Amino acid sequence: MTTNAPLIMRIMALSINTAKRAGVIIRDVLKQGDLGIVDKGKNDPQTEADRSAQRCIIASLAKKFPSIKIIGEEGGSDLNVCDEWLVSELDETFLRQDCPADWRDAQPEDFVIWVDPLDGTAEYTQGIHSNNETKFNLKTDYIIGFVEHVTVLIGIAVKNSAVGGIIHQPFYKQSSGELGRTIWGLKGLGTGGFTAVKPPANEFIITTTRSHSNALHQKAVDVFNASKVLKVGGAGFKVLQLLEGKAHAYVFATPGCKKWDTCAPEAVLEASGGTLTNINGEHYEYHENVEHVNGRGVLASVGNNHQELVEKIPLEVRQAVGTKQT
Ligand SMILES: Nc1ncnc2c1ncn2[C@@H]1O[C@H](COP(=O)(O)O)[C@@H](O)[C@H]1OP(=O)(O)O
Ligand SMILES: [Mg+2]
Ligand SMILES: [Mg+2]
Ligand SMILES: [Mg+2]
């Protein structure tokens, strides 16, 4: 069965297990304590966990699918990894499902896999560990910090469009006490790993950045006159909030996030009936030569009024997003 399944199903099934393995690496680096932080730019940290998780993910995917283009946030990685980081088993439960007809015949050259090994790095570096070095207990202490916002994102694009995605949340605490959960979505098939909840009908809640705001972005958030504005880290975590009914819209009216931030969240959200576009309501492209920066920000929503939300943001604000002054 494993070998006969259409390529996209096998890519999704390996990505599910690879994202989980990356999540273990991310927890281990935090537990061990030396984050190895490097500044890639303003408000743009990278840690040992970003680097190691990317090596694990790309080495595993590249070994199984050598002719598929894979683009990771942390650039070219050394793919010579230890055996424990090489994931080769596919998620059999996922594979048992039928492949949507639209993707059944997709060929290796049709795919680009966009990898964000650790989304929410700023929040990861503000986890509780550094404040509580001697008494740190991952199972109980992490909730005080922001590490819940951290996700591993593997996005699967077919011919330009975000089609499939994995969002793994390494610090999510299950009711059993176990850490981590893995959410997937494939357009035409649906989603798994969580229970979709509709946001409250009598409110309008926005989820937005806590670490990359500016005056223009604030202007776009303000026009909605939201009943609540949640400021959280990571594109993956904000989309989880939409999927779980904690917010109605995700507003990010500034450039800064990239294709690896939005490919998986867009696919999962849209497989669940929502919409993720730039601030003008246009979908991003995900082919291998596309500009990495999402220059016109992000607007995502769960209802069927996405275009209305776009039009609420004054045209001059939308036009200013992505110009030099922002
Ligand atoms: N100005 C920026 N520079 C680098 N990365 C950014 C920037 N703005 C957003 N991002 C990426 O998009 C994610 C969501 O942004 P925010 O939390 O501000 O809403 C961030 O966690 C970060 O991903 P990453 O943590 O993978 O580097
Ligand atoms: Mg980063
Ligand atoms: Mg990211
Ligand atoms: Mg990242």
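**Reading helices, strands and confidence**

Just after helix 1, glycine 33 adopts a positive phi of about 105°.

User: What kind of model is this, and how are its residues and chains labelled?

Analyst: This is a predicted model, in which local features need pLDDT of at least 70 and side-chain atom pairs count only at pLDDT 80 or more, while totals for chains, interfaces and linings use all residues. Residues are numbered from 1 along each chain as its sequence is written, and chains are lettered from A and ligands numbered from 1 in the order in which they are written.

User: How should I read helix 1, and how many of its residues are buried?

Analyst: An α-helix has 3.6 residues a turn, so residues three or four places apart point the same way. Helices (H or I, at least four residues) and strands (E, at least two) are DSSP runs, numbered from the N terminus. Helix 1 covers residues 7–32, and its 26 residues reach 37 Å from the first C-alpha to the last, close to the 38 Å expected at 1.5 Å a residue, where the expected span is 1.5 Å times one less than the number of residues. Of these 26 residues, 19 are buried, a residue being buried if 20 or more other C-beta atoms, placed from the backbone, lie within 10 Å of its own, exposed if 12 or fewer, and partly exposed in between.

User: Which way do the residues of strand 11 point?

Analyst: In a regular strand the side chains alternate between the two faces of the sheet. In strand 11 (residues 249–252), Ala249 and Val251 point one way and Tyr250 and Phe252 the other way, and all are buried.

User: In which sense does strand 11 pair with strand 9 and with strand 13?

Analyst: Strands of a sheet pair through backbone hydrogen bonds, either parallel or antiparallel; two strands count as paired if DSSP finds at least two bridges between them. Strand 11 pairs in the parallel sense with strand 9 (residues 205–208) over two bridges, and threonine 207 stands opposite tyrosine 250. With strand 13 (residues 298–301), strand 11 pairs in the antiparallel sense over four bridges, and valine 251 stands opposite leucine 299.

User: Where is the pLDDT below 50?

Analyst: Where pLDDT is low, the predicted coordinates should not be read in detail. The pLDDT, the predictor's confidence in each residue from 0 to 100, averages 92 for the protein, and 93% of the residues score at least 70. Over residues 129–134, however, the pLDDT is below 50.

Conventions: Two residues are in contact if their C-beta atoms, placed from the backbone, lie within 7 Å.
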